[in-house]
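Subject: Structure handover

Hi,

Here is the structure for your files. Please open it alongside this note. My findings follow below.

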Amino acid sequence: MGIALIAIFLALFVLGFPVVYAILIPAIGYVLIEGLPLGLLTQRVTYALDSFPLVAVPIFIFVGNLMNSAGVTDRIFRFADTLVGRLPGGLAQVNIFSSLIFSGMSGAALADVGGLGRIEIAAMRKRGFAAPFAGAVTAASAVVGPIFPPSIPLIVYGSVTSVSIVQLLLAGIVPALICIVLLMITTAILAIVHKMPRSDRAPTLREIGVDLLPALPALFAPVLMISGMLLGLFTPTEAAAVTVVYVLLISGLFYRELTWPHLWNAMLMTVRSTSAILIIVAVASLFGWILAVEQIPQDFARWILQFADSPMALLIIANLIFFIAGMFLDSTTATLLVVPVIAPPLVLAGVDPVHLGIIVIFNLMLGLLTPPMGLSLFLICDIAKITLRQLLRALLPFYVPLLVTLAIITFHADLVLWLPGLLR
């Protein structure tokens with residue numbers, strides 16, 4: 001029955017059914033066939049949302065939307081332009097560096113693309129960069145968002161696996177920095193080869209200070225959140241709430257650009273995004289419960305352990321599985337459906353669950369850049385007014401640093417676990 005359930009889900013998904021229906025229809029069918037009470041459906045989906053860590057998801061979404069509405073992203077971009085605009089590649093380097101700063105507050109790749117990405121692509125085109133290249137840099141750098149804290153996908157992963165969310169968020173810092181450095185090196189090489197434009201001169205200390213001052217309150221937000229969690233002052237969910245209050249204060253009192261229409265727009269967009277995520281969380285939890293009843297995870301664990309007798313070999317298999325899953329499913333759905341099946345045998349074989357979490361989420365973020373379900377690709381094409389083929393051609397060189405980053409975090413667990421180790 002469990003295999004039939006998965007087969008029906010895949011069939012409905014391939015036929016173009018929305019993910020929620022593709023999950024819910026076979027789940028309801030299972031309950032009816034097995035003669036289980038229908039009230040079980042309501043119980044399981046309600047229980048899935050009764051999670052304190054998940055409260056952080058809408059709050060961090062709100063933070064990202066609030067900064068877009070209140071003009072904080074403009075100041076971040078201006079400061080990044082002053083600081084790194086002279087490097088080979090100019091605004092392309094600014095694009096990457098800005099993504100790191102913005103990811104420290106939004107926690108979502110699509111928030112980076114939809115908010116900061118619009119500013120970055122428009123500015124790069126105005127400076128003479130080709131639209132496909134501008135879109136490719138924006139899409140590649142947005143991968144960092146869900147790795148560097150705060151991270152909505154890591155919070156969802158932690159709630160599914162009962163792994164410490166604080167340790168997961170801290171584990172993402174070093175991989176995110178590695179990825180940023182490799183992307184900037186790749187961009188510099190491309191810029192030198194193709195003679196791309198950059199700033200005419202290096203900034204003076206005064207110019208850096210002038211642009212740093214307006215951006216400083218925004219730059220302090222991730223410092224406040226990370227230091228608070230490291231010191232044990234608040235949990236990730238409480239950190240999200242503290243960040244909202246902080247962003248509201250700096251937007252209303254320091255920048256003085258926050259208006260009631262801005263606040264309403266941010267709230268409305270947050271409700272829409274949160275609703276989409278939590279509906280999937282609820283129905284996927286029901287689906288996962290049925291798989292557990294049918295002992296699919298246990299059967300899969302016995303099967304996969306036959307093919308690999310070392311944690312590293314299992315990690316390579318996990319990379320392939322989650323990379324493919326990311327090509328077809330969004331990160332939330334893949335985390336809720338695939339992680340409960342894949343994670344137990346790997347942890348049983350000796351893989352650190354925090355290390356596995358970073359590998360899983362990074363693979364799923366690469367899925368945002370791969371057809372047929374690459375959401376970042378479609379959003380970039382809409383913003384830059386280019387075709388998918390143009391974007392993919394420009395994106396090809398950037399797959400190299402992203403895959404190298406994946407290899408580094410896979411084979412060097414010590415880099416990933418260094419910061420979380422401070423809490424153990």
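Is Asp-81 buried or exposed? Asp-81 is buried, because its relative accessible area is 17% (buried means under 20%, exposed over 50%, partly exposed in between, with a 1.4 Å probe and protein chains only).

Some ground rules before the rest. This is a predicted model, where local features need pLDDT of at least 70, side-chain atom pairs count only at pLDDT 80 or more, and totals for chains, interfaces and linings use all residues. Residues are numbered from 1 along each chain as its sequence is written, and side-chain values use heavy atoms, with hydrogens and water left out.

**Asp-81 and its helix**

Asp-81 sits in helix H5 (helices are DSSP runs of H or I, at least four residues, numbered from the N terminus). Its side chain makes a polar contact with the side chain of Arg-127, at 3.2 Å. A polar contact is a pair of N or O atoms within 3.5 Å; within protein, one must be able to donate a hydrogen and the other to accept it, and residues adjacent in sequence count only if both atoms are side-chain atoms. Leaving aside residues up to four places away in sequence, Asp-81 touches Leu-91, Val-94, Arg-127 and Ser-199 (contact means heavy atoms within 4.5 Å).

**Two helix pairs**

H5 (residues 72-84) packs with H12 (residues 205-230) at about 140°, and their axes are 9 Å apart. Axes are lines fitted to C-alpha atoms, for helices over the stretch in contact, and angles run from 0 to 180 degrees between N-to-C directions. On the H5 side, the contact includes Arg-75, Ile-76 and Phe-79. On the H12 side, it includes Asp-211, Leu-212 and Ala-215. By class, this contact has 10 nonpolar, one polar and four charged residues. Here Ala, Val, Leu, Ile, Met, Phe, Trp, Tyr, Cys and Pro count as nonpolar, Asp, Glu, Lys and Arg as charged, and the others, Gly among them, as polar.

H16 (residues 311-328) and H20 (residues 388-411) pack at about 150°, with axes 10 Å apart. Met-312, Leu-315, Ile-316 and Asn-319 of H16 meet Leu-406, Thr-410 and Phe-411 of H20. That contact has five nonpolar, two polar and no charged residues.

**The core**

The largest nonpolar core has 144 residues. Such a core is a set of buried Ala, Val, Leu, Ile, Met, Phe, Trp, Tyr and Cys residues joined through side-chain atoms within 4.5 Å. Phe-133, Phe-362, Leu-395, Phe-398 and Leu-402 have the most contacts inside it. Helix H14 (residues 260-293) gives the largest share, 11 residues. Beyond four places in sequence, Leu-395 touches Ala-136, Ala-139, Ala-140, Leu-369 and Leu-377.

Val-245, in helix H13 (residues 236-254), is partly exposed because its relative accessibility is 47%. Val-245 and Val-63 are 182 residues apart in sequence, and 9.2 Å apart in space, C-alpha to C-alpha.

**Two loop lysines**

Most residues other than glycine have a negative phi. Lys-195 has a positive phi of about 55°. Lys-195 lies in the loop between H11 (173-194) and H12, and counts as exposed at 75% relative accessibility. Lys-385 also has a positive phi, near 60°. Lys-385 lies in the loop between H19 (375-384) and H20, and is exposed at 65%.

Best wishes
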